[in-house]
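Take me through this model stop by stop, as I have it open in a viewer. Tell me what to select next and what is to be found there.

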Amino acid sequence: MSTPIVVEQLTKRFGKFEAVKDVSFTAPGGAITALLGPSGSGKSTVLRMIAGLETPNDGHIRMGDVELTAKSVQERRVGFVFQHFALFRHMTVADNVAFGLAVRKQPKDVKNQRVEELLELVQLAPFAKRYPDQLSGGQRQRVALARALAPRPDVLLLDEPFGALDAKVRQDLRHWLDGLHRELGVTSLLVTHDQEEALELANQIVVMHEGRVEQVGSPAEIYDDPATPFVAGFVGSANVLHGEVRDGHVHLGSVRVAGAAHLADGAPATAFVRPHDVRVRQKGGQANERDGDFTATIERIASLGWLARLTLRLADGHTLVAHVPQEELDGAKEGDTVTLDLRNPKAFLREVHGADPDEVDADAEIDVPPSDRATAGTA
Amino acid sequence: MTLRGAAIVYLGAMVALPVAAVITKGFGDGLEGLRSALNVPGAVAAIRLTLITSTLAAIISAVMGTMLAYALVRYQFPGRRTLSAVVDLPLAIPTLVTGVMLVALYGPNSMIGGFLDDLGIQVIFTPIAIMLALLVVTLPLVVRSVQPVLQELDTSEEEAAATLGANAWTTFYRIVLPAIRPAIVGGTLLTFARCLGEFGSVVLVAGNVPNKTLTAPVFIFQLANQFRPIEAAAVATVLFALSFVLVLVTGRLLRRKEES
Amino acid sequence: MSAYPQTAEPAHTTDLPGTGRRRLVRAGIVTLCFLYVGVLLLLPLIGIVWTALEAGLDKIVETFQRPDVQHAFFLTAVITAITLVVTTFFGVITAWVLVRQRFPGKSLLNALVDLPFALSPVTVGLACAILFGLGGWLYEFFDARGIKILFAVPSMVLVTIFICIPFTIREVVPVLQEIGKDEEDAARTLGASILQTWRKVTMPNIRWGLLYGVALTTARSIGEIGAVLIVSGLIKGKTETATLFIFTAIEERQTTEAYIVAITLAAVSIVLLVTIEAARRRIEGRKVRT
């Protein structure tokens, strides 16, 4: 069950369109690896190539020591869970789950026992004789999971498994899958566009964009240490500041952001600062000209439960968004002048021709960084 | 006159009236008349021949039609579009011309006909010719019934079956077939009903020997030509009853499918 | 939606990395399909074309110059034209009534539409002979006025109409169902009269389904034999259609002439087929879009 998946230089073209470009990574055995990226990033195609549902134009796929690339779907022993469940609609739940065993001509008692075992595992034992159209979306996906796991695959592949479900059901199933994985320990590869899902579930994340791998790392690494502007902008929300490099800082009007030591002077650069890294202090106290200290006016305070979202306007007109715990607000009001301190900025060379990541807008979802998960309560 | 009224008059006058005429004539002397009319020598044999050839043709057409539909939808191959167009040809070609073509090909003076004759195999003027004619004429029916359903099928169920280890045949048999079964059945019933009444292609190639190669429709024609309308109507009513039930069932099947 | 471009037809080829066996099976199935269609259709087509060409161009021209042949084509054209007009006009109305209106007895009406498919054409001819022949329900009415129905062109038109009734209706109904009432309702709320709605909204929407039905009707009408054989009386130069000409020519052993006329009809059918295919593709394209 602890078979790692190794993908090397995988390439796939549909006609003239290059969906997957030279993708390589290793999914460690026994862990959940997430393929995270927006629509069209090629992540589903990579998954389907690993399953054998698409043929790569170039590259290799290995499961443990076994070279998979020439093997047919049937021979690969992968469990695959589809976004829209793909349950066999004219078979009962029990027959669906038993299918992989029936195909391998397992004796009836072995089949029945395994089906029972799995239905218990996914907590759907009373539904054995029902048909898929009598089940809710969440139940169907659990059946799909049981069905995929029944033949004891070496690897579990999930293609946006919760994409077709309601938000609450999605949350519930996410926790449930987490627990299931801890219990079973099957190497799993999860494709998703939901970064919250990836950050919560995965042991390792492969961020993909336009067919390429942007970064491979743990959730903390991806979040705190984005390797490319895309990752910085895609994972978690961020303030995006475009400026010029001088003296190891990104300069943007009155704003001076550290973290550009690795970039050449004069180069155009983009700095990313997470809203919760924008530290706000009441004005009055030493207005130090320390790194990163500068003043701003609170334009708007939005109260979001335990968090307050502050929209801050700088002297030269730029806007920053800060997330501050309510208790630290200290009576600050709209219109107040405050001092800002930008922590943990990440700076990248700006690609002049590439699409700039959008500035964070006032309606961006509040992201819950991994370290804060414990205090988030019911999200 | 309302639209509805126009429709009712249209169908009532053009369809219901003629059908009523035939049934009334066939049952003119009551059930007794029907039975005695069926005692016309050759009637039972003709109906039996029609039933047998129609059943066989329907079964063959069902299998080949499904295969054709599957190949046209799921496979890529050179000539696919041409094949698809050719399949529709019988929808356009007059049935009589089909009969003429078969005579030209298998008739006693033709290339293949003469060749087969030397081998001792006779095609024309045998039930085989009837089957051939029926198969040609009904070629598109099952194909066009199954094709749209196959096209609409979400392949993820089949992909799931493949990931679970099912080979191509198992996947087809256990996943695809149940989904297209209603379409196959509908197309087959349509084929059968069509075969029951087929005249134009059969009349030239069958030979029309009573008790041997005389089908019911040709028999009815002969009776009508001999100014024996009551007997003709009797046989026609029996034939009609058979296909009427069939077409009704098919129609209801199809409409239920559309509603679901 | 997906960022992937439209791949070429067909929509669902799963080209999985396969074993050689899978490819072999596929090749086998495709070959079988070609063989089946080839033997049933292409071979006979070739056969008849060859036989007719064997006759030589002169014979072909001579045949087309014969007055009875010309009359036969003419009569076929006339009957087809009348059938087209009647079945299209009433067919569209009936289809609209069936789809958009609800009333008791609708399913009976629906069944009546399918009924012509259940009848052998000879039965249709028989019905006409019974209705309009001596002793028939409608005999008196027309005989008293000196109108000849049976053994004259009117009966041939009537039976052809009967047989062609389902085509237009069955092709327009699903298209109407698919399009739904919304556009028509919108037009009405914007002040369009029923006629205007029909002309500007309904008709453009059902264009391709209608064309498909019209093409099928034309083909069927040209090819009609069983029913007209019974009601026409086979009066040469008066009630002989192209198909009837072929029938009698074969009986009278004028096989070459029969073949030549048959091929002409086949050629016309092929042209119709092209229309059918084009219409079918448009209908399916519409389905993908909505």
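## A five-stranded sheet in chain A

Begin with chain A and select β15, β19, β16, β17 and β18: in the order β15-β19-β16-β17-β18 they form an open sheet with antiparallel pairing. Keep in mind throughout that this is a predicted model.

Look at the two edges of the sheet. β15 (278–282) and β18 of chain A each have a single partner strand, so one side of each has no neighbour in the sheet. Across the sheet, neighbouring strands are turned by 45° against each other on average, direction ignored.

Now select residues 307–314 and 319–325 of chain A, which are β17 and β18; they pair in the antiparallel sense over seven bridges. Within this pair, L307(A) stands opposite P325(A). Four residues lie between the two strands of this hairpin, and G317(A) there has a positive phi near 100°.

Move on to β16 (residues 294–304) and β19 (residues 337–342) of chain A, an antiparallel pair with four bridges. Select F294(A) to find its bridge partner in β19(A), which is L340(A).

## A four-stranded sheet in chain A

Stay in chain A and select β2, β1, β4 and β5, which make an open sheet in the order β2-β1-β4-β5, again with antiparallel pairing. Which strands stand at the edges of this sheet? They are β2 (17–27) and β5 (66–67) of chain A; each has a single partner strand, so one side of each is left without a neighbour in the sheet.

Residues 5–14 of chain A are strand β1, which pairs with β2(A) in the antiparallel sense over seven bridges. In this pair, V7(A) is opposite F25(A).

## Chain A as a whole

Of the contacts in chain A with a separation of 6 or more, 67% join residues 24 or more positions apart.

Colour residues 5–224 and 237–360 of chain A separately: the domain assignment gives these as domain 1 and domain 2. Their C-alpha centres are 40 Å apart.

## A covered helix in chain B

Go to chain B and select residues 156–163, helix α9; seven of its eight residues are buried. The buried ones are E157(B), E158(B), E159(B), A160(B), A161(B), A162(B) and T163(B). What covers them? The cover includes α1 (43–51), β6 (78–81) and α2 (93–103) of chain A, together with α10 (168–197) of chain B. Just after α9(B), select G165(B), which takes a positive phi of about 100°.

## A buried serine in a loop

Select S110(B), in the loop between α6 (95–106) and α7 (111–118) of chain B. Is S110(B) buried or exposed? It counts as buried because 20 other C-beta atoms lie within 10 Å. Leaving aside neighbours within four places in sequence, S110(B) is in contact with A104(B), L105(B) and G47(C). Now pick V86(B) too: S110(B) and V86(B) are 24 residues apart in sequence, and their C-alpha atoms are 24 Å apart in space.

## Where chains B and C meet

Show chains B and C together. Here 81 residues of chain C are in contact with 72 residues of chain B. On the chain C side, helix α1 (residues 20–54) gives the largest share, 19 residues. That side has 63 nonpolar, 14 polar and four charged residues.

Select I220(B). Not counting residues up to four places away in sequence, it touches A232(B), V235(B) and A236(B) in chain B, and V122(C), T123(C) and L126(C) in chain C.

## The largest nonpolar core

The last stop is the largest nonpolar core, with 277 residues. The residues with the most contacts inside this core are V100(B), I220(B), L126(C), I246(C) and A262(C). Select residues 153–179 of chain C to see helix α7, which gives the most to this core, with 16 residues. Domain 1 (5–224) and domain 2 (237–360) of chain A each supply at least three residues to this core.

Definitions and conventions: Residues are numbered from 1 along each chain as its sequence is written. Chains are lettered from A and ligands numbered from 1 in the order in which they are written. This is a predicted model: local features need pLDDT of at least 70, side-chain atom pairs count only at pLDDT 80 or more; totals for chains, interfaces and linings use all residues. Two strands pair if DSSP finds at least two bridges between them. A nonpolar core is a set of buried Ala, Val, Leu, Ile, Met, Phe, Trp, Tyr and Cys residues joined through C-beta atoms within 7 Å. A residue is buried if 20 or more other C-beta atoms lie within 10 Å of its own, exposed if 12 or fewer, and partly exposed in between; C-beta atoms are placed from the backbone. Domain bounds come from an automatic or database domain assignment. Two residues are in contact if their C-beta atoms, placed from the backbone, lie within 7 Å. Ala, Val, Leu, Ile, Met, Phe, Trp, Tyr, Cys and Pro count as nonpolar, Asp, Glu, Lys and Arg as charged, and the others, Gly among them, as polar. Axes are lines fitted to C-alpha atoms, for helices over the stretch in contact, and angles run from 0 to 180 degrees between N-to-C directions.
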